[in-house]
Amino acid sequence: MGNREMEKAMDAYVPLELPMPKAVAIQKLLRRAARAATPYIMVAPAILTLCVFVVYPILYMVWLSAYRWDMIGPMVYVGFGNFAELFSNPDFYLVMGNTFKFMFLTVSVSIVLALLLAVYLKANTRVNALLRSFIFVPYVISMVSVAFIWAWLMNSEYGLLNFMLGKAGMSGVRWLEDAGVAMYSMIIVAVWKGLGYNVIILVSAMHAIPNQLYEAAALDNTRPLRAFFRITLPMISPTLFFLTLMNIIAAFKVFDQVALMTGGGPVNATNTLVFDIYQFGFKFYQLGYASAQGVLLMLLIAVCTAAYFGALSRRVHYGGGA
Amino acid sequence: MTGIELRGVEKAYGGNQPVIENLDLQIEEGSFTVLLGPSGCGKSTILRMIAGLEKETAGEIFINGEDMRGTSPGARGIAMVFQNYALYPTMTVKENIEFGLKNIKVPKAEREARVDEVVRMVGLTEYINRKPQYLSGGQRQRVALARAIVKKPRVFLMDEPLSNLDAKLRAQIRTDLIELHRKLGATFVYVTHDQVEAMSMGTDIVLLEGGKIRQQGTPQSIYSAPRNLFTAQFIGAPPMNVIKAEDLGPGAVSIYKLPRGTASLGFRPEHTVIGDGTGVPKGVDLFRGELVAREILGDHAIYKFKTDLGIVHAKVMSGSIVEYGEWFVGAERKYLYCFDEKGDAII
Amino acid sequence: MRVQMPAFRRASGGACRTAVNFLIFAVFFIPFYWMFLTAIKNLGQTLQTPPTFWVARAHWENFNRVFEAIPFFSMLKNNAIMTFGIMICQFFTVIPAAYAFARFKFKGGGFLFGLTLATMMIPAQLVFLPLFLMFSKMGMVNSYASLILPWATSPFAIFMLRQAFKQVPQELIEAAKLDNANEWKIIFKLMLPIARPTIITLGLITFILNWNDYFWPFVLTTDNTVRTLPVGITSLNIVDGGVKYHILMAGNLLLVAPVLVVFLFAQKQIIKAFTYMGGK
């Protein structure tokens with residue numbers, strides 16, 4: 001190879017360096033790719049967590065509901081067999097009856113009481129603020145504490161409630177041992193614990209109503225009760241609506257107080273859906289059957305939520321915002 | 001080439017019809033240029049494109065001769081005052097003002113000195129450690145100004161900065177801004193829909209309608225020589241009286257010797273002549289009108305007449321107050337503006 | 001100006017209100033007083049009829065019985081590990097996700113946000129069975145990971161924080177851009193400080209709900225070494241020869257006291273936090 005060729009080769013070598021525009025272009029491309037990836041990287045931890053711990057378990061549960069399995073033996077495909085078994089089991093109807101009774105009474109009593117208390121405690125005086133705080137305390141403490149406090153208060157021999165009934169000349173009640181009463185005792189405890197939340201939400205919704213509306217109503221000689229039904233109630237109805245949904249879902253998932261106060265008894269009188277799922281899953285190891293019940297609970301919650309959003313969107317379209 | 005120049009700028013959102021099309025605009029260095037127009041005319045969009053907050057779909061924008069394409073908003077040597085001030089709510093007045101300086105790593109000593117200077121300039125020394133929520137509207141406005149001034153920009157962009165203030169404060173800050181402009185000698189580009197603000201502060205007014213420049217010029221030229229009906233009716237309060245030429249009798253046309261092609265003519269309320277029907281001044285055609293509303297404003301009064309040719313306003317600087325009833329109104333020939341079918345002025 | 005009530009209602013209102021106020025107070029105070037009183041009674045006083053409403057000498061030794069019956073402090077520690085573990089995880093998963101959902105337009109973003117919303121209504125009580133099976137397959141039952149990981153993010157918190165980020169006016173971000181702030185500066189100097197009250201509020205809610213949680217640690221743990229306090233206290237309920245209510249109430253008091261103290265000092269903040277939760 002001559003000198004000249006060497007030189008030529010050297011010359012040829014120089015352009016091999018990446019031409020500047022190209023380097024810039026690649027840099028730009030990388031930067032653009034990084035920018036495009038940013039939102040995905042940011043949502044990834046949350047979305048992955050949800051997929052692994054919420055979405056996947058739900059799918060797993062639906063799949064499981066088609067099998068018979070006791071956790072040790074082989075899994076047997078039964079299709080809708082678990083559901084068939086479910087619907088032919090008289091105990092299931094009892095459990096569902098209990099669940100709906102608990103849900104309906106807890107929600108309606110809570111909402112009505114909370115409305116009354118919210119109207120009563122609406123004004124921002126010192127006493128009212130203090131009482132609102134007191135009502136709220138049960139909400140921030142553990143259901144474990146609430147359940148034991150009430151189990152003790154409701155103790156049929158030594159409990160304070162029966163003592164007070166006796167003082168008032170009434171006979172004692174077997175609050176947690178009488179199959180006809182136990183469910184109502186559950187409802188009392190649930191209402192007592194959740195009332196504070198409902199009250200403060202409603203009070204804050206009422207505070208959001210412009211006072212001018214009441215002033216205008218007063219100038220129109222509106223009576224207080226009428227003002228409540230024509231102004232307060234319509235204005236807080238979105239909140240009330242939302243609160244009802246929250247209360248319904250909370251009632252459907254009741255477990256702690258049942259497990260701690262009655263264990264579902266006496267004779268299944270307080271056995272509700274989640275507690276029953278737990279029993280079948282963790283005590284009787286009928287995982288497919290328990291999963292089928294889980295699917296049912298999911299449908300219940302889904303229907304309520306869908307009804308809520310359906311009604312909400314209809315309101316927006318036809319009703320005009322309150 | 002100094003100042004700001006827009007060449008063939010177009011802005012469209014999505015695939016829609018462009019809101020601004022092929023716009024050429026020159027803003028002279030050191031001027032107080034007001035972009036004036038009704039809402040939706042594109043004035044804010046133009047300002048935001050100059051700032052780099054919105055990207056033009058086509059065309060070029062130059063600031064001091066430099067093509068701004070690909071230059072980030074922070075690097076354009078501009079400062080902006082927003083309509084709602086956009087003060088950082090979690091920062092104190094001082095932190096608000098020095099945020100921009102910190103971001104370009106101005107040394108602490110210089111930073112302190114500059115902040116100190118502007119704070120004194122706008123009179124906020126005692127409020128320096130307060131958060132914006134504890135300031136009045138006027139004080140917030142001044143923080144926003146200080147935050148712009150401290151960066152020593154070549155160009156100040158202001159997007160309706162006075163619209164959230166009450167009338168009295170607005171008048172005061174108007175004069176403050178004029179002073180500030182003279183003191184700093186920087187270019188001000190100011191967006192407003194209020195012609196009073198434009199006339200009082202601007203050295204150059206750009207009147208916009210539907211994304212197009214209808215007229216650009218000094219306040220005087222815009223006021224005294226409107227080139228079209230839109231300009232004529234947008235500037236001045238109350239606006240120019242406009243009547244259709246054909247509504248005037250043939251006699252009037254001959255009195256006024258209107259140029260060919262005149263479709264409508266206008267006269268400013270301050271040139272409205274009010275008479276009782278006797279002793280008509282030479283060269284004035286009066287027509288019957290009923291006084292329907294009267295605003296006595298101390299040094300002057302504004303009257304609203306209902307005539308067969310439409311509403312006519314009169315602005316009378318002094319003299320006796322006109323009583324409600326029937327009058328004759330009109331204007332002298334030398335104060336008439338003539339417009340053709342398309343609304344362009346005939347000179 | 002307040003709307004005037006008719007005169008007759010004002011006159012009778014005072015006495016009536018006092019009575020109702022007292023009733024409300026009684027219903028929500030007496031149960032707590034009774035818990036406290038029982039916690040310092042001895043067995044005899046507890047079972048006495050008629051019950052006494054005051055004790056001359058407090059039996060603080062009841063608390064020692066609690067410490068003997070359950071590994072109280074290790075359970076307290078477990079409670080703290082679970083609660084703060086969840087809070088720390090949520091801090092790192094919720095903030096970036098909420099920010100991305102609020103400020104970026106990206107392909108699939110709507111779908112992913114919809115997914116997040118859809119999971120918002122799903123309670124632990126719905127997925128505990130499959131989750132337990134998952135963890136038991138991986139041999140992770142009775143581990144801190146199984147207590148913390150399922151709650152490492154919160155769709156509700158993402159939703160609320162996204163709202164807070166969305167409410168930051170666009171003008172502010174533009175002003176920051178004109179001030180030469182880059183994306184990180186905008187996040188850390190502008191957005192996070194503005195969203196701070198929301199983040200604190202969400203933290204408070206997460207703390208209270210998880211500190212008190214009984215259901216999840218109950219189904220996921222069988223071993224006292226990882227069990228939390230709410231679960232631990234329940235074992236005081238199952239004592240041979242009938243429930244010793246004075247011991248149970250002493251344990252209960254220990255469980256409630258920290259939350260009550262926090263509530264006493266931060267009640268305004270806490271009530272505001274939960275009000276906020278119902279606001280949307």
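I began with strand E18 (residues 337-339) of chain B, which pairs with E19(B) in the antiparallel sense over two bridges. Strands here are DSSP runs of E of at least two residues, helices are runs of H or I of at least four, and both are numbered from the N terminus. I took two strands as paired if DSSP finds at least two bridges between them.

Before going on, I noted that this is a predicted model, in which local features need pLDDT of at least 70 and side-chain atom pairs count only at pLDDT 80 or more, while totals for chains, interfaces and linings use all residues. Residues are numbered from 1 along each chain as its sequence is written, with chains lettered from A and ligands numbered from 1 in the order in which they are written.

**Sheet in chain B**

I looked up the bridge partner of B:Cys338 in E19(B) and found B:Ile346. I then traced the sheet: an open one of four strands of chain B, in the order E11-E12-E18-E19, with antiparallel pairing. Its edges are strand E11 (241-244) and strand E19 (345-346) of chain B, each pairing on one side only.

**Chain B overall**

I listed nine helices and 19 strands in chain B. The C-alpha trace of chain B spans about 75 × 45 × 35 Å along its principal axes. Of the 347 residues in chain B, 38% are buried. I call a residue buried if 20 or more other C-beta atoms lie within 10 Å of its own, exposed if 12 or fewer do, and partly exposed in between, with C-beta atoms placed from the backbone. For contacts in chain B between residues at least 6 apart in sequence, I noted that 64% join residues at least 24 apart. A contact means that the C-beta atoms of two residues, placed from the backbone, lie within 7 Å.

**Chain C overall**

I found 13 helices and zero strands in chain C. The C-alpha trace of chain C spans about 75 × 70 × 30 Å along its principal axes. Buried residues account for 40% of chain C.
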